[in-house]
Amino acid sequence: MTEHTNKQFDADLEGVRSQFLAMGGVVEAMIQDAIDALANGDLDLVDKVREREKEVNRYEVDIDQRISYILARHQPTAIDLRMLLAVSKMLTDMERSGDEAEKIATVARRIHDGELRAAPMVDLRHMANSVRAMLRQSLDAFARLDPMQAAQVVRSDKEVDKEWKAALRQLISFMIEDPRTITPSIDLIFIARAMERIGDHAKNMSERVIYMVRGADVRHTGAKNAERQARGEEESTETTE
């Protein structure tokens, strides 16, 4: 009976893990389609993003219910409990990443429907590729239980923040110099902000991976401390980068 229970518990845990990875794959595809819609004006991709957002919501509800069932039925301990608690928190970040991708797609439609109204030349592709890579790496760190890769994602978020601030400065300059660019510049600011938030969500999920593996809460402690904790070192009293 115990063996049967253990096998069922392992299967339930694997089900949560597999579903979360599948959810992440859908969100990653949403981000790519949203960016392609912006770059190429392929508005069919906007509809695909919106359909996938509904799929992401279904994943969130289903996984949350599975976690509640496992906690009630099996009362897991140690790393299994940490994994379930971490995924429960990561679900929110993953779902919100999907929301941000949908926002990007919606604004892309507005930009192209308006025939790029004197759009300023601001290339957001590098930032888009960076946040998509962060999301993919956070999922890979989760799948491999790799705290060092998770710590790299935490570190990468600082570069995305720099790109966001640089894009904001550039777009504000365009608006000051040419009032015709105000509307499209605001749209691009909205998109850049959505990308920055996806990076934040990827960082949050990676911090949860470190918690899963090491049992250390590295939120708000800086990238250097996240790296130390990922290596299994003692927490530093310093929280600066």
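**Figure 1. Ala216 sits in the loop between α6 and α7.** This view, like the others, comes from a predicted model. Is Ala216 buried or exposed? Its relative accessibility is 11%, so Ala216 counts as buried, because the cut-off for buried is under 20%. Leaving aside residues up to four places away in sequence, Ala216 touches Ile210, Tyr211 and Gln229. Gly98 lies 118 residues from Ala216 along the chain. The C-alpha atoms of Ala216 and Gly98 are separated by 27 Å.

**Figure 2. Helix α4 runs from residue 125 to residue 144.** How far should its 20 residues span? At 1.5 Å a residue, the answer is 28 Å. The end C-alpha atoms of α4 are 28 Å apart, which agrees. Several residues of this helix are buried, including Met127, Val131, Met134, Leu135, Ser138 and Phe142. An α-helix makes one turn in 3.6 residues, so residues three or four places apart point the same way. Leu145 follows α4. Leu145 has a positive phi, near 55 degrees.

**Figure 3. Phe20 and Phe142 form an aromatic pair.** A search of the whole structure finds one such pair. The ring centres of Phe20 and Phe142 are 5.2 Å apart. Their planes meet at 70 degrees, so the pair is edge-to-face; the cut-off for that label is over 60 degrees.

**Figure 4. The largest nonpolar core contains 71 residues.** Which residues touch the most other members? They are Phe20, Ile63, Val87, Ile191 and Met195. The elements giving two or more residues to this core are α1, α2, α3, α4, α5, α6 and α7.

**Figure 5. Ile191 is one of the core residues that touch the most other members.** Setting aside residues up to four places away in sequence, Ile191 touches Leu38, Ile104, Val107, Ala108, Ile111 and Leu124.

Technical notes
Residues are numbered from 1 along each chain as its sequence is written. This is a predicted model: local features need pLDDT of at least 70, side-chain atom pairs count only at pLDDT 80 or more; totals for chains, interfaces and linings use all residues. Side-chain values use heavy atoms; hydrogens and water are left out. Helices (H or I, at least four residues) and strands (E, at least two) are DSSP runs, numbered from the N terminus. The expected span of a helix is 1.5 Å times one less than its number of residues. Buried means under 20% relative accessible area, exposed over 50%, partly exposed in between (1.4 Å probe, protein chains only). A nonpolar core is a set of buried Ala, Val, Leu, Ile, Met, Phe, Trp, Tyr and Cys residues joined through side-chain atoms within 4.5 Å. Contact means heavy atoms within 4.5 Å. Rings of Phe, Tyr and Trp (its six-membered ring) pair if their centres lie within 6.5 Å; planes under 30 degrees apart count as stacked, over 60 as edge-to-face and the rest as tilted.
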